[in-house]
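Hello,

Here is the structure I promised to pass on. Please have a look at it first, and then read on for what I found.

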Amino acid sequence: GLCVKLGGLREGRKTVLYVSQGPPTNFGFGQPNLRDDMQEVIDAALRGNVTIDPIDPESLGMAIREDSRSSLFQLAAETGGRAVVNTNAMEIGMAQVLTESSAYYVLGYTPTRSTDDGKYHKISVKVRRSGVRVTARQGYWAPSTKEMEAAAVAAAKTLPPGVASAQEVLQTGEPGRR
């Protein structure tokens, strides 16, 4: 729900700091499997231009569940975030997260596809300059024709004056604020 809400805000990078030891995505035979739920979170983040930076509060050397830790790396990799895990120096990882969320480029392009197919499309971002680290999403979800029509209907609705002014206040950014 958070990724969907953030996706509705103005354009630009939105970051979620997810402090957790990681969701156990596979409990074993006969138990609930959270892989589908986690994929829904990733899909919502990709649709909303939301980066997820998982932070594992466990220090280096603590007993871990590998499936939980791998889910943290998956969240970061698939949404363009940074996983801060397996460290006793959290301040270094957090400084990197803040630096990356403060200085970034948003690249846009017009896809060559001619239909609104509602499918996932892979992308690749490369630079020629040596020594530069590129962190980018691995792809995007194209809206379907049905989603585009629903968005047009929603955009055409007139909001009550109180709601419209409240949204303007919430969407106003403060310069220099992280």
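The accessible areas in this email come from the Shrake-Rupley method with a 1.4 Å probe. For the protein you see here, the accessible surface comes to about 12,500 Å², and carbon and sulfur atoms hold 56% of that. Please keep in mind that this is a predicted model.

Now for the overall layout. The protein has six helices and four strands, and along the sequence they follow the pattern α-β-α-β-α-α-β-β-α-α. Of its 178 residues, 26% are buried. Among contacts with a separation of 6 or more, 70% link residues 24 or more positions apart.

The largest nonpolar core has 11 residues: Cys3, Leu6, Val16, Met38, Ile42, Ala44, Ala45, Leu46, Val50, Ile52 and Leu75. Helix H1 (2-7), helix H2 and strand S2 (50-55) each supply at least two residues of this core, and H2 gives the most, with five.

That makes H2 worth a visit. Helix H2 covers residues 35-47, and its 13 residues reach 18 Å from the first C-alpha to the last, close to the 18 Å expected at 1.5 Å a residue. The buried residues in H2 are Met38, Ile42, Asp43, Ala44, Ala45 and Leu46. One of them, Ala45, is in contact with Cys3, Val50, Ile52, Thr79 and Arg137, leaving aside its neighbours within four places in sequence. Just after H2, you will find Asn49 with a positive phi of about 60°.

Tyr105, Leu107, Val125, Val127, Val132 and Val134 make a nonpolar surface patch of about 610 Å². Val127 lies in the loop between strand S3 (120-122) and strand S4 (139-141). Is Val127 buried, exposed or partly exposed? Val127 has a relative accessible area of 44%, so it counts as partly exposed; that class runs between the 20% limit for buried and the 50% limit for exposed.

Ser144 sits in the loop between S4 and helix H5 (145-156). Ser144 counts as buried because its relative accessibility is 18%, and buried means under 20%. Not counting residues up to four places away in sequence, Ser144 touches Asp116, Asp117 and Gly118.

Best wishes

Conventions:
Residues numbered from 1 in each chain as written. Predicted model: local features only at pLDDT ≥ 70, side-chain atom pairs only at ≥ 80, totals over all residues. Heavy atoms only, no water. Patch = residues over 30% accessible without salt bridge, like charges linked within 9 Å, V, L, I, M, F, W, Y side chains within 5 Å. Salt bridge = Lys/Arg side-chain N within 4 Å of Asp/Glu carboxyl O. Buried < 20%, exposed > 50% of the residue type's maximum accessible area, 1.4 Å probe, protein only. Expected span 1.5 Å × (residues − 1). Contact = heavy atoms within 4.5 Å. Core = buried A, V, L, I, M, F, W, Y, C linked by side-chain atoms within 4.5 Å.
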